[in-house]
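Q: I'd like to learn how to read a few features off a model. Can you walk me through it, starting with contacts?

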Amino acid sequence: MRYSVVVLLTVSAGLVTSAAAEPVSFRKQVAQILLDNCLACHGPKKAEGGYRIDAYERLIKAGDSDEVAVTPSKLDASELFRRIVTEDESERMPLEGDPLPAEQIALIKQWIEEGAKFDGDDPKAALATIVPPPVHPSPPEVYANSLPITALTFSPDGSQLAVSGYHELTVWNPADGKLIKRVHNIGQRTHAITYSPDGKLLAVGGGTPGRLGETRIFNAENGELVRVLGSTSDVVLDVAFSPQGDRLAAGSADGVIRVFEVATGKPVQTITSHSDWVMAIAWSVDGARIASGSRDKTAKVFDSKTGELQVTFSGHGQPVKGVAFHPEGKEVFSAGTDKKVQRWKIEDGKKTADVGSFGEEVYKLTAGGGFLFTGSADKSARQYDRKSHKEVRKYEGHKDWVLSTAYHDGSKRLATGSFDGEVRVWNTEDGKIVVTLLAAPGLKLAAAEGS
Amino acid sequence: MQRTATSLIHGMACMAAGALCWTMLASVALSQDDLEAVEVGTPERIEVYPAEIKLTGPRQRMQLVVTGHYAGGILQDLTRVAEFVSSDEAIVKITAARVAPQGDGAAEIVVRVGGQEAKVAVAVSGQGQPEPVSFEYGTLAALSKQGCNAGACHGSPSGKGGFRLSLRAFDPTLDRLTLIREDFGRRTNPLDPAASLLLLKPLMKVPHGGGLKLHSTDPSYAILRDWISEGCRLDPPEAPRCVSIQVYPPSGRVLKRPAHTQQLSVLATFSDGSVRDITQLAVYTSSDTEVADVSVDGLVVGQDRGETAVVVRYMEFIESVFITFVRDIEGFAWTNPATNNYVDEHVYAKLQQLKYLPSELCSDEEFLRRTYLDVIGILPTVEETSRFLTDQAADKRARLINELLDRPEYSKFWALKWGDILRLTSGQVGGDGVHKYYRWVERAIRENMPYDQFSRKLLASAGSTLTNPPANFYRTAGDTNDCVETVSQVFLGARLQCAKCHNHPFERWTQDNYYGMAAFFNRVQRKNGRRPGEKFIFVSRSGEVTQPRTGKQMKPWLPLAGDVDQPNPDDRRQTFVDWLTKADNPFFAKIEVNRIWSHLLGRGIVEPADDFRESNPPSNAALLDALALDFVEQKYDRKHVIRTILNSRTYQASFKPNAMNEEDTKYFSHYQPRLLSAEQLLDAICQVTDRPESFSGLPAGTRATHLPAPDLVKHDFLKIFGQPERQTVCACERSSESNLGMAIQFFNGPLIYNKLRDEGNRFRQLMKLEKTDSDIIKMLHLAAVNREPTAKELEASLQHIASKDGESAKKNKELEAKIAEVGKQVQAVRDPAFQKLLDAKLATVPEPLRADAKTAVLTAEGKRSEVQKYLVAKFGKGLVVSDEEVVKALDDATKKKLEALKKELAELPKQKLPPGSDRIMALEDICWAILNTNEFLFQH
């Protein structure tokens, strides 16, 4: 079941204009209002007055006051409605904030009058997971400031370089640094961009800090949105297709690794072993294992079929920001804030080697073509032989932290993205810069240097 | 603010120092409803602060403060009710006493209130030019203002929710990274500033564990939003630095209800000479929220009479203003009580201002007991009591004070106090060392060594700890950090522990100060001496201190004086001590006189006595100053200070409050009763019962108040009553909290029980001397509470004795019955076995003789051996059944039961009361009852 951007637009239109003729949908219209205005105080983190709205089943019940929150078809027996319309500022929700806009109040009113029906599958499900994926706002035509380049990737044929932007991907020609196109309807920040092994799908992980995390899958050929996977409460920080391309794993700032079936979008595994942000994900070559790095200062390896934890590596003692498998599959590389890339055995979680030495923290690891690439806050990127982990080359010249790396084995090109918004494409055969660009349409490179 | 266990992680170090760090909350929001209406009346003139205004950028504002001057020098803040008019709204606008620039040019603000008028000239410039938000003085100040970087929130060492700020923005470099760059810059959104997580979280637009901390109308909101939209700029290196802040009005303002509010104005002066209003960005706290609160906008609101220090903080700058609140008290009239010396003059001045009346002088009996306990730690004897009470001389109190100060117990008792401060324990300075150190301290006090010399001897000490005991100072302060913290707390009254890891969150001490102080002490070296338990203290000629955060090498630094460029090259400590003991040192004399005051009056003028800080002002600054000045002028003569205080009427005031001072707890209108200290209490019990405690390893006659160290003798009673272990220099280690253990000790604890039952105790001695009941009761009262019993008490006691008459006979009778009963039980247990054994034996006797044999065997115990002989002769074997045989025949359970019963039977007769027991029991009761009175337990 695929839905197109057009469908999404119609859905979203419903949010704004309440069509009195049609019944109000809880899932499509009411839930988002509650999420935006009430969740902060009436959710799992904070449940003021003993009342929570984070699932339908909860929101209709009374809080500590015993006043029933929502009584179907009875506005005057619905405390929720009374509290959003009352004149008494000490009682009106959102407390100490502006009242809800009249059209939103009208929607809630109509919904209750129509019986306060739940039109989702599971009344216990978190609201965040049942609301339709949002249509994201358009990016600025011209960037006033640059954004950190948190993700970039080459297209399978090496002719395009997709780079994280603000509510978009910017796609550049890696040969001459020209902007080819801009892909819209993407979350505020993008932390991962990756093509499926067959090159047909493009997965984009990201979201809005503190509010939303999601993975969007686009048709790589025509740019159509194929599917949105797993809404979460905070950004998705890494996504990776299994080598067979049948599954996709996403790690997010809610500490969860979710594995989806690519063909259907069905979640097949939910791994909650980490206690903090999951910042990096990698699949073993045979697809049997998933490695992850987390802000909880550990790297872990799981059985990809069962989600079972196989080993925890605590040797970094600091947030782990990058992981990659050794080509032989028995060892893992991980990197992080401890300024180290460490290699360790899956069998017992024991460290076998330090890879290189870094002056600053190291970000995501990129494995490609027998190499391992690192980007670091020491403003350099480095290339290692993945088997021997000997340093092949060091790429220097960025003026800021190198947050992201991408490699195209066919063209032997390395792309690096840095905090100041600059992207460089390097020829790995001679270490020379092919092109330097500022991935912020409309913003001048010189302007960025000045700030 | 969320306060979870994690916020206490770094607590261990800080807890001892100042639990306050985290309990002091940012200033509160006040509603106008709490305010009394301003009674404007007829001011003689009004004064507007500042007198002229220069606004050089679009962001600048200016808070005005309007003061009404009334007849008799009375002042009132009229800011709330004054009318403000701008002469040109195109140049400047004013709302709620806050001036905002509109366009370049000059204008005037006309202020009218109470029929008076004043004008303030305003010069506005730079309105066309951008005025970017300063990262440090805008952004970080705003985060501090909202409390984001407080110790309980993101300022905790581990941060909160993955977001960590430096405590009160002491580390701008770290905060820059965290705010702009950490986690891919997710907190700030330069493309859509209002959508930044940094704003959405405290606005609660996104779930925030800390709750609602920011409103979009707060000045902080605009600052943060604008800073982000300007691209999160950092301050250029050449940007002017803040050099000081000034708070208006200055300290000393007195407000009389209904006038009870004061708007503050806070200005910051920068290194380029510019001045900016930061009233909205400064953080306010009141040292005594029962007296006054402060709103986030700097409006001080008095709640009750008294004084408060309003502490104003802006980045690392801290200033405080003292404001006094008074009100009319119905029925109050100052009685002009006589004064004995300057102590009374200062105390009474404060009492008169706040409308309290001092209590009457205490009775001679109270004075005697109080002064003995305070000066020499023990109770006066019966003889001393009688002598003093019968003395008719007018100067007998003054003479007693002098006598006590010359007693050997004086120095021993005050050595106990200094032992606490200097941490005298055998664990820390060795078994031999502790005695030597104690003797040195005791001697210094006995010889009344001037305090400056005493301090110098400790602080500049070197050599063997055995031959030069004060060198132990550097043994208990075993490393540089300990030295800094000990010296600052003991001699400067400042708790510096917080500043080890970060700028002190509430005081002016910075991390640089801490390590600057350290540079005086880091060259002190310690090595083992040749003798066992000996340490050798010496000073090396090199070694520098590095500030761990900045990596900077620190110059020795002195409070208020700053960096020392050329410290004494041989021993930097000399430079420190020279500064410390200079007559004009503002800390040194004050902390010691305050400590003495607190020992004598139960509460420091600054309380806690060793916690001097802006946010903890003295309750009577003039008194503290006068005492310190006197102390310095008298060449640091501690006895002189003690004598002066003891001779004051303030010290000699009754503990009983009057109707006009019941509410006072801190201005010394009446004496503050307090539980005797652990050592005083133990000595007092020993003295009342005349049964001294013996401490193993210490000479006989050693009193608890004369113990050199708490770890020489483990004494449960002392521990229960709060004897400190001397692990810290903090006066707070000596606990005066009451606990259940104390109650149990007095109810029926072993110490008191044994002394009451002791054959040689006071009342038994008196009984042996054939004293009358009345005499004994009188003596017990004189010994315990240093006065004769009242007629009522005597009567009640005598009645109690009478009521016990015949009690012992009754008890003995009961006892006999009990013995008989137990005897029967013994029989009942052993009889079946006995019968069986006997029957078996008799069975061997020929039938005709059996009855005779039985009679013979059952012969009474005393004649048994003869019977046995007879039986052996007659039958060739003994027939008597012995106890052993019976016991052997019993099963284990019965055996046990029998043993227990026999034991009881053997013990019971010992409980028999000898003749005269009635009276003894009654006197035990009476003595117990006296020891359980508040009058005995409390210093009063």
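A: Two residues are in contact if their C-beta atoms, placed from the backbone, lie within 7 Å. Leaving aside neighbours within four places in sequence, B:L780 is in contact with B:R762, B:F763, B:I926, B:C927 and B:I930. Keep in mind that this is a predicted model, where local features need pLDDT of at least 70, side-chain atom pairs count only at pLDDT 80 or more, and totals for chains, interfaces and linings use all residues. Residues are numbered from 1 along each chain as its sequence is written, while chains are lettered from A and ligands numbered from 1 in the order in which they are written.

Q: Which residues touch the most other members of the largest nonpolar core?

A: A nonpolar core is a set of buried Ala, Val, Leu, Ile, Met, Phe, Trp, Tyr and Cys residues joined through C-beta atoms within 7 Å. Buried means 20 or more other C-beta atoms within 10 Å of the residue's own; exposed means 12 or fewer, and partly exposed is in between. The largest core here has 134 residues, and B:L780 is among those touching the most other members, along with B:A518, B:V593 and B:I645.

Q: How many residues does each chain bring to the contact between A and B?

A: Chain B brings 19 residues and chain A brings 23 residues. On the chain B side, α4 (172–185) and α5 (197–200) each supply at least two residues, with α4(B) giving the most, 3 residues. Helices here are DSSP runs of H or I, at least four residues, and strands are runs of E, at least two, numbered from the N terminus. That side of chain B divides into 9 nonpolar, 6 polar and 4 charged residues. Ala, Val, Leu, Ile, Met, Phe, Trp, Tyr, Cys and Pro count as nonpolar, Asp, Glu, Lys and Arg as charged, and the others, Gly among them, as polar.

Q: Which way do the residues of strand β2 in chain A point?

A: In a regular strand the side chains alternate between the two faces of the sheet. In β2 (residues 161–164), A:L161 and A:V163 point one way, A:A162 and A:S164 the other, and all are buried.

Q: What does β2(A) pair with?

A: Two strands pair if DSSP finds at least two bridges between them. β1(A) (residues 152–154) pairs with β2(A) in the antiparallel sense over 3 bridges, with A:T153 opposite A:A162. β3(A) (residues 169–172) also pairs antiparallel with β2(A), over 4 bridges, and there A:V163 has A:T170 as its bridge partner.
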